[in-house]
Amino acid sequence: MAKNLATWDPEDEAFWRTEGKRVATRNLWISIPCLLCGFAVWLYWGIITVQMINLKFPFSQAELFTLAAIAGLSGATLRIPSSFFIRIAGGRNTIFLSTALLIVPAAGTGLLLQDPNTPLWQFQIMALLSGFGGGNFASSMSNISFFYPKKVQGYSLGMNAGLGNFGVTTMQILVPLVMTVGVFGGSALILENSSGTLVGKIPAGTETFIHNAGYIWVAILIPLVIAAWFGMNNITAEHVSPGLGSTAGAFGKILGMLAIGLITAAIGLWLLLPEKAGGSGLELSKWIVLPLVIAATVFALRLIPGTIRQSLDQQYSIFRNKHTWAMTVIYTMTFGSFIGYAAAFGLAIKVVFGFQHIEVDGVMTHTTVNPNGPSALMYAWTGPFIGALIRPIGGMISDRLGGALVTQIISVIMVACALGVAYFLSLAYASPTPEEYFTPFLILFLILFAATGIGNGSTFRTIAIVFDKVQAGPVLGWTSAVAAYGAFIIPKVFGEQIKATTPEYALYGFAAFYLVCIGINWWFYLRKNAYVKNP
């Protein structure tokens, strides 16, 4: 087990050269694969649900969209308590336990997928627990921010987030492939619709092992949990995790705070979902429920007595800083878009391009399988791959040019691409041959993913410049928590607009939000008398 670090000052050049860089690098390269698996388990519903359609699981498209949305809301909500874990529980303790918890939904999902007659509510519970993977991002980023000096924050955080985000791409490539072989045993199911992998289509009638989508991550997670325990460090310096206490006590704090997040997320979902999907039937607006879930989680955490309350009181000072709120909105534009599109991309390809849209007796129908449609599982990985790959590059460019300037440029690109995607979606969803519009749709969406990746790196750079070393970690966690609701909002909005037969409206709404972010970024960080000129 690696030792606790009682002193840590990466801004001291001598310390950084002789000891700091080596220790920080080790922690970073254990953190990255742990975070990668967190993203994979959080977002694998976008791939699993596509295959559930191909296997004719007895659920509607709208019900399947709820699984990705549930995981999205849960993961985002769990980022709120996770934002504060490092100070309360220590870096090694947090990364070890949060990574180990991923085994629960991974194993449970694998078990449930073996039976197509498994009721929807059991899949929904696994989707809720998959949120552990989403929550891990906040604690992981907060932890790594303490290890590195400000001069390389764009690089170090971009590497952790960017390569961690490769969990989405890794999952979207690995899951379709591993479902083709019986590596973990269990009975095969027979494809009723054609499927696909990275290397090509798989015809209907082929055996598939969909349960491997869960079990593969159990096999990967076990060695990572061991590496986190023996290779990572808790920094017990005053500005990071002072007065850490016992490991068992740290685990208890983490589990208790995660339980609060799960409860508030579950209540929010109950208010949102229709009765047939396990909800209350009230179907309250997401724009009402989400702020209530966030506020309830923040308030409930503050009710915890003792040292947790004292630590949270100190960390909650970020909410009195106007830059916290500005960066929350801007980061939601970049990371929220990336994670939301990653969650919805595959299923959107399947629903829009995998079916023919034919007018029957004056009514447009969308249920006839398109024999020429692209395989969602062949292309779903491409957007998240580009967004994750380019993220560290965005951080390095921003270290040179300034985070806010880079953010402003990519925001304009995001507006243009969102409008372009909307245009081709509208054409495809009214055509009996939607595949004709797939190429421009895909190209524009890939550019949109690339812009979100660069913007992720640039916003990290801005946060590192605007906030001091005490607030930077919690701010990174908090902004990532709110932005992660994109993994709920975007699949939910896509599902609603597809049901309304107007999927292009989703992109129009996102483009309008990006315009608002352009104004906020300019006002706070780019105008002549900006609060913090960057550059």
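**View A. A charge placed over the ring of Trp 523.** The charged end of Arg 527 sits over the ring of Trp 523, at 3.7 Å from the ring centre, where a charge counts as sitting over a ring if NZ of Lys or CZ of Arg is within 6 Å of the ring centre and within 35 degrees of the ring normal. The model is a predicted one, in which local features need pLDDT of at least 70 and side-chain atom pairs count only at pLDDT 80 or more, whereas totals for chains, interfaces and linings use all residues. Residues are numbered from 1 along each chain as its sequence is written, and side-chain values use heavy atoms, with hydrogens and water left out.

**View B. The surroundings of Trp 229.** The charged end of Arg 92 sits over the ring of Trp 229, 4.9 Å from its centre. The rings of Trp 229 and Phe 251 have centres 6.4 Å apart and planes at 50°, so the pair is tilted; rings of Phe, Tyr and Trp (its six-membered ring) pair if their centres lie within 6.5 Å, and planes under 30 degrees apart count as stacked, over 60 as edge-to-face and the rest as tilted. Trp 229 belongs to helix α9 (residues 212-231) and Phe 251 to helix α10 (residues 247-272), so that the pair, 22 residues apart, links distant parts of the chain; helices (H or I, at least four residues) and strands (E, at least two) are DSSP runs, numbered from the N terminus. Both Trp 229 and Phe 251 are buried, that is, under 20% relative accessible area, with exposed meaning over 50% and partly exposed in between (1.4 Å probe, protein chains only).

**View C. Helix α18.** Helix α18 (residues 438-466) has 29 residues and reaches 41 Å from its first C-alpha to its last, close to the 42 Å expected at 1.5 Å a residue, the expected span being 1.5 Å times one less than the number of residues. Of the 29 residues of α18, 24 are buried, and the helix is mostly covered.

**View D. The largest pocket.** The largest pocket has a volume of about 690 Å³. On a 1 Å grid over the protein atoms alone, a pocket is an open set of points with protein on both sides within 12 Å along at least five of seven lines, a cavity is a set where a 1.4 Å probe fits but cannot get out, and lining residues have an atom within 4 Å of a point. Grid points are joined across faces, edges and corners, and a volume is the space filled by probe spheres set on the points. Of the 28 lining residues, Ala 62, Glu 63, Gly 495, Glu 496 and Lys 499 lie nearest the centre of the largest pocket, and α3 (61-82), β6 (363-369) and α20 (486-499) each supply at least two residues of the lining.

**View E. The second largest pocket.** The second largest pocket has a volume of about 490 Å³. Among its 23 lining residues, Trp 287, Thr 332, Gly 486, Ile 489 and Phe 513 are the closest to its centre.

**View F. The largest cavity.** About 100 Å³ of space lies in the largest cavity. It is lined by 14 residues, of which Arg 87, Phe 146, Gln 315, Val 470 and Pro 474 are the closest to its centre. The largest share of this lining, three residues, comes from α19.
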